[in-house]
Amino acid sequence: MRIQCPFCGERDLSEFAYLGDAAFQRPDPDAPDAEAKFVDAVYVRNNPAGPHDELWYHAAGCRSWLRVTRNTRTHEILAVAFPTPPGHS
Amino acid sequence: MSAPGQPKQPNRLAQAGLVDRSRPLSFRFDGAHYSGFAGDTLASALLAAGVRLVGRSFKYHRPRGVLTAGSEEPNALVELRGGARREPNTRATVAELYEGLDARSQNRWPSLALDVGAINSLFAPIFVAGFYYKTFMWPAALWEKLYEPAIRRAAGLGRASREPDPDSYEKAHAFCDVLIIGAGPAGLAAGLAAARSAARVILCDEDFLLGGRLNSERHEIDGRSGSAWTREVEAELRAHPEVRILRRTTVFGVYDGGMSGTHTFAALERVSDHLSIPPQHQPRQRVWRIIAKRSVLASGAVERPIVFGGNDRPGVMMASAVRSYVNRFGVIPGRRAALFTTSDDGWKTALDLAAAGVPLAAVIDARSVVLPQLIDAVKRSDTRVFCGAQVVDAHGSRALERITVEDGGRRSQIQIDALAVSGGWNPNVALCTHLGGRPRWSDAIAAFVPGDVPRGMSVVGAAAGSFSLAAALREGAAAGAEAARATGFATVDVPEPRVTDELTAVQPFWCVSGTRSKAFVDFQHDVTREDVALAAREGFRSVELLKRYTTLGMATDQGKTSSINGHAIMAALTERTIPELGTTTSRPPYTPVAIAALAGNHRGTHFKPTRLTSGHAWAQERGATFMEAGDWLRAQWFAAPGETDWLKIVTREVKAVRSSVGVCDVSTLGKIDIQGPDAAALLDRVYINLFSTLPIGKVRYGLMLREDGLVLDDGTSAHLAANHYLMSTTTANAAKVMRHLEHARQVLWPELDVQMISVTEQWAQYAIAGPNSRRLLERLLGSALDVSNAAFPYLGCAQFSWRGVPARLFRISFSGELAYELAIPARYGDAAIRAIMSAGEEFGITPYGIEALGAMRIEKGHVTGNELNGTTTAADLGMGRMMSTKKDFIGRVLAQRPGLVDANRPVLVGIRPTDRSVRLYAGAHFLTLGSEVSLENDQGYVTSAAFSPMLGHWIGLGLLVRGRERLGERIRTHSPTRGGDTEVEVSASVFFDPEGARLHS
């Protein structure tokens, strides 16, 4: 599998480390229901068969965290971008 | 036609073929000397020499010969080479002949001709599918000791060498616009079209000659022979600078690609297999990883056998293989032949045999209606032609002697020594299915054809079920041009070559009925028609169950010649169609690949990188014993001359440190340089304790959690200068912590203005520990730095210049002694340790290893990887109160979860054996005295244990349920594997200098 790193160009899978669902957003730690929100954010995951946004780390390259859209059925890489946090789009 | 002095080749034709008759090669088979020519395979050379019996079968030890002329060969498996290079299960049909080749038949004893194991054939009625499962059900204990070894001796294939492989193997990457798999007519046409567009083309073929079937058929293209046309195309391709031709290279797998149709292909290049020994500096084999934007699959087709009695006798051969041996190698399969076919294509063999002068006794076509022009073509000779007839039995003891033909209820016997068989062709669809695509059944050719193929791949020619030469050339050229255009190249039109028309009609015919002798479906695993029928009767009717119950298609040939026949028989027995039954999934590798090739140069010490600290050479000189810590080698202890008992050495080292001074290489600890206006803010968010309050020139111990509230890692961070920190991590977690920090900086809080880089390898670092460490440093550093207690107190840090080199000093201690860590750029690491040693000479400085370090940290109750094991919380380790309430940090919220603050959690305690002479073992579990050994009674476990030189007995750390309330209680540790039951006393986790007076002295 090849991933198009925005910094380094197309690179082999072996240079990257996988984290998981890119939808993870750190909840407000001061919210009254923070614990439930964190449990949801840390443990509850969608597992779609098809396009999936996920975080990959270019460990043996530029050390960028990347938001990779991968088709989990075919492993086709549909898009690669730097992670854009809420409010920074 | 042998050269003078060479052994005879009785079955070699005078002229025909592509072998080089000016280069005779001698070789040995089962010790006998033979001769062949350059361009032969072992199979063609054996057939030329008249050797028909080449091996014994897997289960029944039946005599077997050469069935095919390609990589699909199930029968002709030999042991090639000898000694450390002995290589079992090599297909003689693809083993290229070289001078001095030495091969042996397999699976026979005492000899190939007289094989005692053939007695298995007499017991054939009980050796049916599932036999082992049914027979050896009970008693189970005997299975491993008795049945399996006995069966393995009786049934099996070749013997591997038990010596280390003396050859080297390597891996390589290649990139191209168009990958063409197979260099038969379709692949060559595709290559030509793509190459003329200037696209980067890689053309792979498993054979040592390009051309595929063109080398084996008497085709003409534009008035030239197929092989002459091939040489012209090859010459043109070689002249294109962007074309790479890989001969002897099998593309064995298709893997996930990436973006827009790109895929990764794995290929095995047999660089030196055609030589007795690889040339100097050349690998034996090379695994290619080919990244191709587009691919053209021109892998051809495999002719399938027909299932009839005795169809495994040496002398029964695929019709297309007969043409290969006659036309390509100039070798005749026998003296009197017959053809059994169900397709027009098979008739070509009759014509080619006639042209080669081999008497053709009969043509038996299973179809009742056969085109008259086919019959007319062979009728000119004295050949008997049977239509709508069958070969029901092939007879002979060690090789074929005669066949029984059944024609409209009448049986006749025909004396022959060679039978060509054509049951139609199966497209080689394996590479279309590696990514999950399913093949599709075609009634027109009675075979599976590519269904949904991977994006960016096109399948052409016989692989797509288009069996005529004209179609192969047309489809190949179109696909090559299309692939080049898709990758951005302009193509030129290539005129379509003129070729002769061919007849390709086929009528499915799988299996002959009316025979009582063994009719083989899977030759290599000895699966018969009866085995398939038994599976049907016993309910193993799906293709997957059929495969596992009978082992059909599970041999090293993966059923290339057998699977479809087995499925067809099952379909007929269970009154289903083949597409209803489906087919099994094919997975990489397409043909066997040696583990050595997959390992490449990752063997021995090159299996993974070895990281050495800059003090490594010095440690070696000092007699260090090293151990692996991740990729690093670290000194475990330093044996003085005459010392052999490791525990005595470690005890000496600890006592020396605690009484005077010692030095330890701690360069392997992770070091992360963190800079920027928000560096302190980032540290506050990743550590549980506050770092923004840390003054410049000070170090603080910190603990990190994962977001789920469990401990990730610990270490210190030093505030070196304004907005500049240096973090240390454990050796094991250096990369993980780096990734964690980058995630925090890039994903969680990109608004923070902070940068970081790993400097683990840039700095050598030495711990100098013991009551004399300050005096040593005064002597070592001189005026470079004031290390007095007032100027440089506990947890101080400094950057300074020492002898013209930037240096850093940290007053931190893992041993619990007055201690420092001195860091200098790695290239001065060797000089620095030697300088430390000479400055320490007057104090009797002692180098110590990580065992002594470990003993001292256990004496001090310091945690390490054993305790930071991914299941513990800060509170479990006695550091709950370090969690700041003044800020948020990763893991804070979930660390408060009920499960993580439960009072019954096991927490860190110390233990010492009641009987002080007893040894403790890490991993032993805690139980109360007198309780039964059970999971319900489990109270926790010992995480670390060491002999304490200072206390004079073993001590341990462990995680004990409600441990802090149980100080002084007597419990026991239990290990079913080491040490059994040991009574221990629970204590605080700090055994030595609990007040920490030595740190501050």
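How are H7(B) and H8(B) oriented to each other? Keep that in mind while setting up the view.

This is a predicted model, in which local features need pLDDT of at least 70, side-chain atom pairs count only at pLDDT 80 or more, and totals for chains, interfaces and linings use all residues. Residues are numbered from 1 along each chain as its sequence is written, while chains are lettered from A and ligands numbered from 1 in the order in which they are written.

**Stop 1: chain B.** Select the chain. Its C-alpha trace spans about 115 × 70 × 60 Å along the principal axes. It holds 24 helices and 49 strands (DSSP runs numbered from the N terminus: H or I, at least four residues; E, at least two). Of its 1001 residues, 53% count as buried (20 or more other C-beta atoms within 10 Å of the residue's own, C-beta atoms being placed from the backbone).

**Stop 2: H7(B) and H8(B).** Select residues 344-355 and 372-379 of chain B. The axes, lines fitted to C-alpha atoms over the stretch in contact, come within 10 Å and cross at roughly 15 degrees. H7(B) and H8(B) are therefore roughly parallel to each other (angles under 35 degrees, between N-to-C directions). Now show the contacts (C-beta atoms, placed from the backbone, within 7 Å). Asp344(B), Trp347(B), Ala350(B), Leu351(B) and Ala354(B) in H7(B) meet Leu374(B), Ala377(B) and Val378(B) in H8(B).

**Stop 3: the side facing chain A.** Here 22 residues of chain B are in contact with 24 residues of chain A. Select residues 734-748 of chain B: this helix, H19, gives the largest share of chain B's side, six residues.

How values were computed
Buried ≥ 20, exposed ≤ 12 C-beta atoms within 10 Å, placed from the backbone. Axes fitted to C-alpha atoms, helices over the stretch in contact; angles between N-to-C directions. Parallel < 35°, antiparallel > 145°, perpendicular 65-115°, else oblique. Contact = placed C-beta atoms within 7 Å.
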